[in-house]
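Thanks for coming. I will go through some charged side chains, starting with the ones away from solvent.

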Amino acid sequence: MVKRLSCLLFLIVFFSASPALAEQAGSIRGMVFDKDFDAPLAAAQVSIAETGQAVNTTDEGNFVFGQVEPGTYTLVFSKDGYTRQVKANVVVSPGKMTELDAQLSGEFTEMEEFVVQDVQIGTGTEAALLDLRMESPGLMDSISSELMSQAGASDAASALKLVAGATVQDEKYAVIRGLPDRYVVSLMNGVRLPTADADKRAVQLDQFPSAVIESIQVSKTFTPDQQGDASGGAVNIILKGIPDERILKLESGISWNNQVAGNSKFLTWKGAGLDYWGKKSITRQLDNLGSSWDGAVGVSERGEPTDYKWALTLGDKLEIVDGIKVGGFGSFSYERDSSFFDKGIDDKYWVENPGDPMTPQYEQGSPSQGNFNTSLFDVTQGSKKVKWSALGAIGIEIEEYSSLSLLYMYTKVAEETATLAEDTRGKASLHHYWPQSYGPEFDNYNPNDPCHPGNNQTNQMAAPYLRTETLKYTERTTSTLQFSGRHKIPTPEIGIKNLFMVLEPEIDWVVAWSEAELYEPDKRQFGSLWLADSWVPGRYVYVGGRRRWRPGYVAESMYKQFLPAANFNMGNLQRIWKDISEEDEQYAVNFKIPFEQWTGDEGYVKFGWFRDKVSRKYYQESFTNSNDTAAPYNAPWETSWSDKFPSDNHPVKAVNTDVDYAGKQHISASYYMVDLPLCSFFNVIAGVRRERTELSIMTHPHFEEGAKLIFPDNPDVLQDYDREKADVSFKQKDVLPSLGFVFKPLKNITLRGSYTETIARQTFKELSPISQMEFLGGDVFIGNPGLKMSALKNYDARLDYTPYEGGLISFSYFYKDINSPIEYVQRNAGFSYTTPMNYPKGKLDGWEIEIRQKMGHLWKPLDGLSLGANATFINSEVTLPKEEADALEQLDVPMEKRDMTNAPEKLYNFFLTYNMAKLGLPDTDFALFYTVHGDTLVAGAGQSNGKFVPSVYETEYGTLNMGLSQKIGKNGQLKFQVKNLLNPAIKTVYRSEYIDGDMTKTSYKKGIEFSLGLIIRF
């Protein structure tokens, strides 16, 4: 570590001291014209959004910025009585003059060519995105690469949290306005992405590093040119594109987490270790079936790993002949990261009898029998991750009429995680939770006292010590190849002047091939049950017909198999191979016909076609040491059985319950829409989308006798596998209307509203009636082939007020009426299992408030200080099916409605950025970001073995990030960042009006992360 820091400091000093690296400033000049009269426009203001520099044009319409540091900027042209114009992606090169002209039209004539409608370029700054927001026909929020960098967001998932009304589930999946993955579409440059997630159709956004992202745009209202399942919203990741001028940028940095740094007990396992590119070749050892397998089965401890990252970006655009430009762009990013916690909790509780307090869940017996297991686990976990991506793009532009581009992106995330969970609290709590069976003498449990009543051989199996060890290695990859084009067709004027004129039509199209894969070779789980030393009293025995006294003795402590279920055909070692791949072919073409109507305002008619073909392959093999008759292992609790287990004889066999499948999802659609300005301040946007969905699953069981089926019309009966019953085919056609308006009663006020209808689809897993387990003895999931798609009616309204360039005050209201929402319920067929169901009804509504303020507009000494805040308040509700409500009624828990899962009650974001020029430090920037995630329902209330299990909520927590940036010379930048400064506990709790207060279910802390980075631009 010291050597790395020394090298980094040397580089910093070298680059800051070297005059050879200093860049000359560039400049910008140009003219501003009155478009209506084609004359120079005097006294127009021209400002650079990123730096705050502003000048007025001369009497001849000229302007000039003499000293502008090299970079990419957004220029804003404005004058009272004229429509403002924004020109983004203006590149300033060292020592060069950038020429830029602008034309402003009269205030009552909206010139669409000056409004960025299809956002593909110039969206790397907050100023450009704010202008896009104001001109968008729907409700759009976004975050730029500029703000991502200030916030220290390393990937798309962490960046999305900064968008108003957006958050992520499990640190990967987008949740927009309280609607989770099935209601949110994830796109890349407008192209749907495949996913290899076993449980969801959601794209894992943590795969996409911020180094390749230009901006993230979230459309919160559906328009017919969007996907029909964008019910909560569409998250569009805009990748960095071909620059106008040459660019070369190198980034590097190191980081350390306070729970990882200096930790000599970082959790891993023997044989673990990510290679540089995150690739492992693991043999299944199928030839060894029936005998012991090689490799660790439990965790071990090592020293801390090293965390660092680097990225390289380069690109250029050249004019090869007059009017024809070609360009290219490439980016590569690499990161190694780690995390650790050692005071985690993972507990399970329930209410045994109505009115009783919460007690630990138990299985494989009961407290009254004196033989049972609890689930009160203390958890330690270590994780290491390698993440890298490569992006390449080439393109050609033919004047202003045509452009073609070819883009390829590949991302890979390899992660290994070691988890140790130990249950020792169950044994110590026998009297506290079950006083009717265990008296006060069971308190103060001492595992080293053979005479303690808890160690008596009669009570040894009452909540014995348990240890589970999980070793998991996963590779996730996503690749996409996109070929797209944009064309403008020169045409003569068609129509009647001053009434209706057709302008030049536009065509854009895309052909994309994408693939996602999840490769999980050899997930290992090992369970052991430990019995302490036990005093065996002396007693008389008969030997050779004579009665003799046998003295008392201490029975040595021992490990036995901890079987995950009462089914003794399952062993305490499980090894699982899983490989999921998904391929996607996508084709889309859009035609846009702009027109100018009787008031001189411009609108457009738009129509197009879309087709998406997804093919998925799911493959899993499971192995276990079933019927293992090996002798117990005598050792103290401090010595783990997993250390010795691989060297003993524990034959491993294949399991006959795995079922593979091939899934297909085909979506085809056509749409028609119009943006019609009825006058200069009121637009109507209307249209309809016709969409067809086809979903099918073909199963391929390894061993037919092991696979089992359950159908919703007979939920208590387990049936043998039958392929005709197991395979699923689903088809549906939808007509999805959209009607909205944009009303601008005053120059700085915009009111938007819309009514739309959308859908939400089932996943492959949710349709399959086959019994599925993540691991043997774990939670059982069984799909529902009768599951329907959900239908939503969406109502949205937003008021935006922009008091000045860069300022914003916004209020939004949204309401969603959901028919047949898909929720999960607990059922019992001799064992508990989870299955998806269509609930009768659901609804969700809420408010969003957003403010952005440049404090210099309020008080000049505060120039350079910008504040921003947004808050979202969400109310959600689903109506329980009658059978679900009746089951809870039988437990004296009357409940007809509950919150929707994964819908937080509130979301807050606060940020502060400050350029310290007023303090004499113009090259120093400070940023502070604070996000709050409100209480969120994770799992609804249900029953398990006739016991009431309350709802599980994730409790509110806040995250504070800080950043400090210092320019070094003309082309260097040093960044210091601290993430998760408050380090709150991430907790879930059992909560219900029928229990007294919250009971902690899970808890852990992520740790505080510090990072130091260097950026060099050439």
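Arginine 177 has 0% relative accessibility, so it counts as buried; buried means under 20% relative accessible area, exposed over 50%, and partly exposed in between, with a 1.4 Å probe and protein chains only. This is a predicted model, where local features need pLDDT of at least 70 and side-chain atom pairs count only at pLDDT 80 or more, while totals for chains, interfaces and linings use all residues. Residues are numbered from 1 along each chain as its sequence is written, and side-chain values use heavy atoms, with hydrogens and water left out.

What does arginine 177 form a salt bridge with? The partner is glutamate 848, with the closest N and O atoms 3.1 Å apart. A salt bridge here is a side-chain nitrogen of Lys or Arg within 4 Å of a carboxyl oxygen of Asp or Glu. Arginine 177 sits in the loop between β12 and β13 (184–188), and glutamate 848 in strand β52 (residues 841–854), so the pair ties together parts that are 671 residues apart in sequence. Helices (H or I, at least four residues) and strands (E, at least two) are DSSP runs, numbered from the N terminus. Glutamate 848 is buried too, at 2% relative accessibility.

Next, lysine 220. It lies in the loop between β15 (213–219) and β16 (233–239), and at 1% relative accessibility it counts as buried. Its side chain makes a polar contact with the side chain of glutamate 848 at 2.9 Å, and reaches the backbone oxygen of alanine 164 at 2.5 Å. A polar contact is a pair of N or O atoms within 3.5 Å; within protein, one must be able to donate a hydrogen and the other to accept it, and residues adjacent in sequence count only if both atoms are side-chain atoms.

Arg177, Lys220 and Glu848 are among the members of a salt-bridge network that also includes Asp141, Asp796 and Arg798. The count of salt bridges comes to 47.

Glutamate 171 and lysine 161 form a salt bridge, their closest N and O atoms being 3.1 Å apart. Glutamate 171 is in the loop between β11 (166–169) and β12 (173–176), and lysine 161 in the loop between α4 (156–160) and β11, 10 residues apart. Glutamate 171 is partly exposed at 33% relative accessibility, and lysine 161 is partly exposed at 22%.

The other salt bridge joins glutamate 877 and lysine 897, at 3.4 Å from N to O. Glutamate 877 is in strand β53 (residues 865–879) and lysine 897 in strand β54 (residues 897–898), 20 residues apart.
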